[in-house]
Amino acid sequence: MRDLDQDHLVRELDVAVDAWRRRGWPEPDVLLVSGSGLSIDLGQPLAEPVPWADLLPFEVVGIEGHPLTAELLEPVPGRVVLSSRGRLHAYQGYSRAQVVFTIRLAAQLGARLLLMTNSSGGLRPELGAGSLVAIADHLNLTGDNPLWGRFPASWGPQFPDMSQAYDPDLRRLLLDIARAEGIAVEEGIYAGVPGPSYETPAEVRMLHRLGADVVGMSTVLEVIAAHHLGMRCGCLSVVANPGAGVTDERLDHADVLTQGAEAGRRVAHLFERLLAHPDLLAPAGV
């Protein structure tokens, strides 16, 4: 799959924005990205779902649990959500620019908020399959960064501060909603790794000692790109299985999809409340 140089990337984004507007679709306030097996149904659809292959300027190939469709929702009147069912991963052969293309497209369209889910491996024994973890920070161990290269100054600083990449006010709001709804959600640190092979027991021990609570193969590049563009970011991780060596269980992608389906109802309930909350789009720190 071809890489996109930065000038080409800007042109392709402009083309994608124009294509969106020619469809007559409203501009989104929120981008919601669903992880492996997490089909989150929220709000009234404003249009028929569209394959991302019809909107992106490069070949789009999904994997099981990632249907790669874009859908417009309106969870409350006047609040438009662009829901991306599935995401692209670097381990599929996509470049860093392609992995975060939909993030940048949503930001160019006006989205101010990125909400994500992902499936992860638990690095602590108490984080069993089905646990929900609100991500507070990450370790980028992918060896990659979507900010390599030159970008328009209007996108953001070349050296963005990452101390609050996962918006603390947004996370606090999510945790408050979870407590009120009686849904257990912990806070944790996400280790982003390249994949697609699962981690060895030695790697799991290393990641835990580095301070990570969960590990996965997505999210970190997306958050870096979104934060660079001024989007507030929140992520809810579904622990699909314990990391290798935490228990004697063998790891299988089918387990990821199963846990995603089972946790999807709780995640959808939380996000339904979150997306309807009047303070959701308040500026950070307000």
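Student: Where does M206 lie, and what makes that stretch a helix?

Tutor: M206 lies in helix α5, residues 201–210. Helices here are DSSP runs of H or I with at least four residues, strands are runs of E with at least two, and both are numbered from the N terminus. The model is a predicted one, in which local features need pLDDT of at least 70, side-chain atom pairs count only at pLDDT 80 or more, and totals for chains, interfaces and linings use all residues. Residues are numbered from 1 along each chain as its sequence is written, and side-chain values use heavy atoms, with hydrogens and water left out.

Student: Why is M206 called partly exposed?

Tutor: Buried means under 20% relative accessible area, exposed means over 50%, and partly exposed is in between (1.4 Å probe, protein chains only). M206 has a relative accessible area of 41%, so M206 is partly exposed.

Student: Why is T219 called buried?

Tutor: The relative accessible area of T219 is 1%, and the limit is under 20%, so T219 is buried. T219 is in the loop between β9 (214–216) and α6 (220–228).

Student: What is phi of T219?

Tutor: Phi of T219 is near 80°, a positive value in a residue other than glycine. Most residues other than glycine have a negative phi.

Student: Why are α1 and α3 called oblique to each other?

Tutor: The axes of helix α1 (residues 6–22) and helix α3 (residues 101–109) come within 10 Å and cross at roughly 60°. Axes are lines fitted to C-alpha atoms, for helices over the stretch in contact, and angles run from 0 to 180 degrees between N-to-C directions. Angles under 35 degrees count as roughly parallel, over 145 as roughly antiparallel, 65 to 115 as roughly perpendicular, and the rest as oblique. The α1 and α3 angle falls in the rest, and the two helices are therefore oblique.

Student: How do you know that R85 and E71 form a salt bridge?

Tutor: A salt bridge is a side-chain nitrogen of Lys or Arg within 4 Å of a carboxyl oxygen of Asp or Glu. For R85 and E71 the N to O distance is 3.2 Å, so the pair meets the definition. R85 lies in strand β5 (residues 79–85) and E71 in strand β4 (residues 69–76), so the pair ties together parts 14 residues apart in sequence. Both R85 and E71 are buried.
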